[in-house]
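Below is a short report on salt bridges, helix packing and selected residues. Please read it alongside the coordinates.

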Amino acid sequence: MRRAVHLGRACAALLFSLLLPLAGSFILPTTRSLAARVRQPAWRAAAPAPPQTALTPWEDVEADASPSRASPRGRRKAAEPTPSSDPIMWYMESISSRRMLTQEQEIELAREMRRADALRAKQQELERSLGRVPTAEETSAALCLAPAELEQQLRRGEAAREQMLESNLRLVVWIAKRYTNKGILMEDLIQEGNLGLIRATDLFDPERKLRFATYATHWIRQGVTRALACQSRTIRLPVYVHDFLMRLKQARAVLTAQLGRSATEEELAEAIGVNVTRVRDAATLPTTVSLDLPLSKQDGSTGTLVDLVRSSKPEPAELCDVSALRSELELLLKLELPTVERDMLRLIYGLDDGTPKSRVKVATMLNITRSRAARLEKNAMARLRTPSSKARLEDFLDLHV
């Protein structure tokens, strides 16, 4: 990679020397100094970019779009969010129409689900005992239900499960909001919370007379925290280590608020009931930042961290341009110059190894005098500065290496 960069600079130096000659100078100019001499015409100057307005956060958009706050006259209808433009806003509006359930409704729906689950368990037990899929008549006889009634109860159980899930989707969003800006997108947090909600629906016991939201909160929070432990870090930590770091962070925040200063390691260890060695070891855990971390810019646009990190290596497109320039120069030198003049330019500008050499060293290598080397270089540059040769190289003037 480094050799390609040096060769590209050598080719660019020869290119600028041909197209932008410096009269009376026998010192090899660098690529950057020669490129700085190029003056862009006034008619090609870029026009100033128009000012961009800042984007409104989706919370403000939702508040401004509410009918209760909008004026009846002159009200402009806001564009409805779509899954591609604003997935969070679109999801919030799609679940806002789901009404909450009362405790009696939750118990009744849970009983419907448990009855359907019991019927499926008996069907699976019958299939294992027979060693094959039972027929409808065998299933009806074993369950003491008509086929139509059995199908109806199974469908009622599925409908009850779906209604229970849809009525508690807002609870998932409410819990997921508390874990934002911790390494996982809001969409992924909601998805993991929904998986926890499904788990809570399968395990909820209606006979305990609990509100489903109270029971489901544990499973939703567990799904979100497990996702943070497994996905928020490039180097994954065990779940118990992640839980310990969360407890340590909460204890540090509480002690800082109470003491008015940063808590010491001994105070943190006493607050969470662990040895001070564990607190010290937690500070040595590896931390990484992904280059794909999403960032918000001041103009409202979004990007990633890789857009802000400057790379010292050339882009693949630049390497292709350098390769094309080198091929064009090799062909031009072979067609226009004799062997001695061609070898002299290759040594002076370092077209072979990327290392330019002085005129004195080149004259010594070719066993000629310095005045003879200067005349050969002058004749070679004059041959290459013909209009036909310049036309073949003018497309590479914008190359930066």
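Predicted model: local features only at pLDDT ≥ 70, side-chain atom pairs only at ≥ 80, totals over all residues.

Residues are numbered from 1 along each chain as its sequence is written, and side-chain values use heavy atoms, with hydrogens and water left out.

**Salt bridges**

Side chains of opposite charge can pair when their charged atoms come close. The rule used here for a salt bridge is a side-chain nitrogen of Lys or Arg within 4 Å of a carboxyl oxygen of Asp or Glu. The count by this rule is 19 salt bridges.

| Pair | N to O distance |
|---|---|
| Arg120 and Asp117 | 3.3 Å |
| Arg155 and Glu151 | 3.3 Å |
| Glu267 and Arg261 | 2.8 Å |

Helices and strands are DSSP runs, numbered from the N terminus (helices are H or I with at least four residues, strands are E with at least two). Helix H5 spans residues 103-130 and holds both Arg120 and Asp117. These two residues are three apart, about one turn of the helix. Arg120 is partly exposed at 24% relative accessibility. Asp117 is also partly exposed, at 25%.

Where does the pair Arg155 and Glu151 sit? Both belong to helix H7 (residues 147-166). They are four residues apart, so about one helical turn separates them. Arg155 is exposed, with 60% relative accessibility. Glu151 is partly exposed at 39%.

Glu267 and Arg261 form the remaining pair of the table. Glu267 is partly exposed, with a relative accessible area of 23%. For Arg261 the value is 40%, again partly exposed.

Which residues are linked in a network of salt bridges? Arg114, Asp117, Arg120, Glu158, Arg161 and Asp202 are.

**Helix packing**

Two packed helices are described by the angle between their axes and the distance between the axes. Axes are lines fitted to C-alpha atoms, for helices over the stretch in contact, and angles run from 0 to 180 degrees between N-to-C directions. Angles under 35 degrees count as roughly parallel, over 145 as roughly antiparallel, 65 to 115 as roughly perpendicular, and the rest as oblique. A crossing is left-handed if the near helix is turned anticlockwise from the far one by less than a right angle, and right-handed if clockwise.

Take H8 (residues 169-176) and H10 (residues 212-231). Their axes come within 10 Å and cross at roughly 50°. H8 and H10 are therefore oblique to each other. Their crossing is right-handed.

Now take H14 (residues 316-336) and H15 (residues 339-349). They pack at an angle of about 150°, with their axes 8 Å apart. That makes H14 roughly antiparallel to H15. The crossing of H14 and H15 is right-handed.

**Surface patch**

Leu291, Val306 and Val309 form a nonpolar surface patch, with about 240 Å² of accessible area together. Leu291 is in the loop between helix H13 (276-282) and strand E1 (294-296). Patches are made of residues with over 30% relative accessible area and no salt bridge; like charges are joined within 9 Å, and nonpolar side chains (Val, Leu, Ile, Met, Phe, Trp, Tyr) within 5 Å. Accessible areas come from the Shrake-Rupley method with a 1.4 Å probe; for residues, only the protein chains shown count as cover.

**Backbone and contacts**

Cys144 has a positive phi, near 60°, and is not a glycine. Its place is the loop between helix H6 (136-143) and H7. Cys144 is exposed, at 67% relative accessible area.

Lys209 also has a positive phi, about 60°. Lys209 lies in the loop between helix H9 (186-203) and H10. At 48%, Lys209 is partly exposed.

Gln163 is in helix H7 and is partly exposed at 30%.

Glu127 is in helix H5 and is partly exposed at 36%. Glu127 and Thr139 are 12 residues apart along the chain, and their C-alpha atoms are separated by 9.2 Å.

Note on methods
Buried < 20%, exposed > 50% of the residue type's maximum accessible area, 1.4 Å probe, protein only.
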